[in-house]
Amino acid sequence: MAPHLGELTATPPAVRVRNLHRSFSKNGGVLNGLDLDIAPGEFVALIGRSGTGKSTLLRALAGLDREVTGYGQITVPDAVSVVFQDSRLLPWKRVLDNIILGLPGRDATRRGTQALAEVGLAGRERAWPYQLSGGEQQRASLARSLVREPQLLLADEPFGALDALTRIRMHALLRKLCEAHKPAVLLVTHDVDEAVTLADRVILLDDGVVRADVRVDLTQRSPAELRAFLLDQLGVETAVHP
Amino acid sequence: MTAVVHAGPETDLASDADVRVVRRRLGPGRRLRFTFWVGPALLLAIWSLGSATGVISPAVLTAPWDVVKALQDQWVNHDLLGNILSSLTRAAIGLGFGVVAGTVLAVVSGLSRVGEALIDGPIQIKRSLPTLALIPLFIAWFGIGEEMKITTIALISMLPIYINTHNGLRSIDGRYAELAETLELGRGEFLRQVVLPGALPGFLLGLRFAVTWSLLGLVVVEQYNATSGIGHMMTLAGEYGETDVLVVGLVLYGLFGFLADSAVRLTERKVLGWRRTLEN
């Protein structure tokens, strides 16, 4: 297993999780003693079968897991932002007002407009959310996260509801934005290709612990090899033979 | 391999392109101007026709033109304008108190379990008490002056505001509260940006009820020791058997109710433009 970047460098990790337990019932835990470090600016994709605790981990990091019992140690930066699977724009606020919702400061409007331009929605400031397409709504929700300059961006299957073409465009946009703003990213996805395309590192969750932790280093392994390895770990039979 | 590009038939696009306008097949269809007057106008037409042909005898219902005459008489000889104004003032003040109280109670009860425990029960009890039965009690408490009248109207109009605002507030998608938490909104901002706009459709529906109920309340309270108001005018007319004046009162009530409701609905359409419903 590849060593964590946080242990190689002197900088403390942006996210540090130790021995995290979470369960919804007494019988079995969703997370069973999970350890995880994410370095500042590192893009980590979290994959795993349904019910392996991906979303539970993300919600724990976001501080949204109030109805769950558990214990463990979590350290996250001050500025955390969440991108949900649904864009979650308030339908009664115009797009720009959604972006700058709760944003303090006089220049919120200017920053919001700038963030909208950055995701390619310049000129749509005054539109109602229902007037945007699904992809545009998700862009707006990205802008809402970015305008807060997060040190940690948590994304819970943000492209899951989008069509294939839109998803490819969103991948490019997300990479561009992350290179520009350099937040640490934890992207939950069920799509192995998406994970390999976007992330610096892919973590595979199984039974509430990290089953595999792979650095996406294309000099060592081709995307196809990586994909086959991950699918194999997920228990999916692949027709690809190296 | 050859690529085949299907060219459309050669037509003048500018003239043909926009001919076919696709409308939603189900639902009420395109909004037409002044349509909300059609129903009342038809009612008036039937009434006139019935009176003119004698199908509706004057003993049953005064003919429209006789109502107009009675209205003229009331206007000139009995200070109808004063009656209208004092009635509308009562209704407006009562409605104002009722709307504010209903909204505040709905928000407190909607956002806190303690508030709900304290407020919701009594309101539901109040709902099942007939206002008519409460008036003697209010007279004992507030006397027979304006306080009693305004309190009664306020209580009547508070209920629909409370119930519909509370319902609208509780129907707000819980995911928006989750979003507000991740955006670290404070309580005040959560209230202003999420709760109140989210509950607005419910509130406006409540307002439509409240407006008409406040007018209904007038009829009742103005029977007690009133020296002015449309209800007062109707009570007198009832005593003297002046059915034409009674109908004047009824027509005025109907007209005010209709206008007030139209005003609320117009507001509704203006401020709820963010919704994509069958309404717009």
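Start where the two domains of chain A meet: eleven residues of domain 1 touch eleven residues of domain 2, a contact being two residues whose C-beta atoms, placed from the backbone, lie within 7 Å. Now select α6(A), residues 164–181, which gives the most to the domain 1 side of that meeting, with five residues. Helices here are DSSP runs of H or I with at least four residues, strands are runs of E with at least two, and both are numbered from the N terminus.

Before going further, some ground rules. You are looking at a predicted model, where local features need pLDDT of at least 70, side-chain atom pairs count only at pLDDT 80 or more, and totals for chains, interfaces and linings use all residues. Residues are numbered from 1 along each chain as its sequence is written, while chains are lettered from A and ligands numbered from 1 in the order in which they are written.

Next, colour chain A by domain: domain 1 takes 1–79 + 152–242 and domain 2 takes 89–149, with bounds from an automatic or database domain assignment. Their C-alpha centres lie 26 Å apart.

Now zoom in on the open sheet of chain A, which has three strands in the order β2-β1-β4 with antiparallel pairing. Strands count as paired if DSSP finds at least two bridges between them. Select β2 (31–38) and β4 (69–75) of chain A: each stands at an edge with a single partner strand, so one side of each has no neighbour in the sheet. From one strand to the next, the twist averages 10°.

Then pick β1(A), residues 15–23, which pairs with β4(A) in the antiparallel sense over six bridges. To see a bridge, show R18(A) and its partner in β4(A), Q73(A).

Angles run from 0 to 180 degrees between N-to-C directions, using lines fitted to C-alpha atoms, for helices over the stretch in contact.

Zoom out to all of chain A, with its eight helices and nine strands. The C-alpha atoms fill a box of roughly 50 × 40 × 40 Å along the principal axes. Among contacts between residues at least 6 apart in sequence, 69% join residues at least 24 apart.

Finally, switch to chain B and colour by pLDDT, the predictor's per-residue confidence from 0 to 100. The mean is 87, and 91% of residues reach 70 or more. The model as a whole scores ipTM 0.85 and pTM 0.81.
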